[in-house]
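This note sets out, point by point, what a reader new to the structure may wish to look at. The points move from open space to strands, then to charged pairs and backbone details.

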Amino acid sequence: MVSTVAPIASVSLWDLRLTAREGWPAPQYDRAGVLVEIGKQRTAQARGLSVKRDDGIPKQVPEGAPQIIKESYDYYRTPRAQHHTSRSVFIFTDFARLMDFNYYAGIEDIAPRPVLFIVGTEAATIFMSKAGYERAAKPKEWFEIPGATHHSLYDDESQVGQAVAKLEEFFGRSL
């Protein structure tokens, strides 16, 4: 049955609210300290100083960093994901807005819109998609790609091919 509303799909979702608000996956995160720094930066910008940018990915992988940080570094800090038009930075003060953004606020209200979550079984971020899937109303689908990590779903040809095939099937059926 073809839906009258446009379907939505997510592949390898990363909930930036968790990163900005709770520092996930950083083991030591001082949200209050970040908010103080954001306040200082806003004051500086109001006085005419330049906008501070934050690339979000460490320039070096800290000793004992979680695997997802190592994967992020390998993807964003090497030629693997480099493109001359990409700045790969955030406006530092935007972290305050990200802290309050809720990806899934009202997700149940978009029903009966078909929703698809595609995840890798080895993705550290799988719990982020699971949170949305659990809150979404039907019709909804969950599709796992065995052995895939968060970042391998970006450019591993075999895994991307599986995701694209599922997207084609889902949108072909849902549009």
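1. The largest pocket has a volume of about 840 Å³. It is lined by 32 residues, and those closest to its centre are Thr19, Gly56, Ile57, Pro58 and Ile69. The model under discussion is a predicted one, and the points below should be read accordingly.

2. Which helices supply at least two residues each to the lining of the largest pocket? They include helix H1 (16-22), helix H3 (67-76) and helix H4 (94-100). By residue type, the lining comprises 22 nonpolar, eight polar and two charged residues. Rolling a probe the size of a water molecule over the atoms shows where empty space is left.

3. Turning to charged side chains, the whole structure contains 10 salt bridges. Side chains of opposite charge can pair when their charged atoms come close. One of the pairs is lysine 40 with glutamate 37, whose closest N and O atoms are 3.5 Å apart. Both residues belong to helix H2 (residues 31-46) and are three residues apart, about one turn of the helix. Lysine 40 is exposed, at a relative accessible area of 51%, whereas glutamate 37 is partly exposed, at 36%.

4. A further salt bridge links arginine 80 to aspartate 74, with 2.8 Å between the closest N and O atoms. Arginine 80 counts as partly exposed, at 33% relative accessibility. Aspartate 74 is likewise partly exposed, with a relative accessible area of 37%.

5. In helix H7 (residues 157-174), glutamate 169 and lysine 166 are three residues apart, which places them about one helical turn from each other. They form a salt bridge, the closest N and O atoms being 2.9 Å apart. Glutamate 169 is partly exposed, with a relative accessible area of 36%, but lysine 166 counts as buried, at 13% relative accessibility. The pair belongs to a network of salt bridges that links Glu141, Lys166, Glu169 and Arg173.

6. Alanine 163 also has its place in helix H7. This alanine is buried, with a relative accessible area of 4%. Its C-alpha atom is separated by 23 Å from that of tyrosine 73, a residue 90 residues away along the chain.

7. Some backbone details deserve a separate check. Most residues other than glycine have a negative phi, and most peptide bonds are trans. The peptide bond from tryptophan 24 to proline 25 is cis, with omega near 5°, and proline 25 is found in the loop between H1 and H2. The bond from alanine 111 to proline 112 is also cis, with omega near 10°. Proline 112 sits in the loop between H4 and S4.

8. What is the phi of serine 12? It is near 55°, a positive value in a residue other than glycine. Serine 12 is placed in the loop between S1 and H1. This serine is buried, since its relative accessible area is 7% and the cut-off for buried is under 20%.

Definitions and conventions. Residues numbered from 1 in each chain as written. Predicted model: local features only at pLDDT ≥ 70, side-chain atom pairs only at ≥ 80, totals over all residues. Heavy atoms only, no water. Salt bridge = Lys/Arg side-chain N within 4 Å of Asp/Glu carboxyl O. Helix = DSSP H or I, 4+ residues; strand = E, 2+ residues; numbered from the N terminus. Buried < 20%, exposed > 50% of the residue type's maximum accessible area, 1.4 Å probe, protein only. 1 Å grid on protein atoms, 1.4 Å probe; cavity = no way out; pocket = protein on both sides within 12 Å on 5 of 7 lines; lining within 4 Å. Points joined across faces, edges and corners; volume = space filled by probe spheres on them. Nonpolar A, V, L, I, M, F, W, Y, C, P; charged D, E, K, R; others polar.
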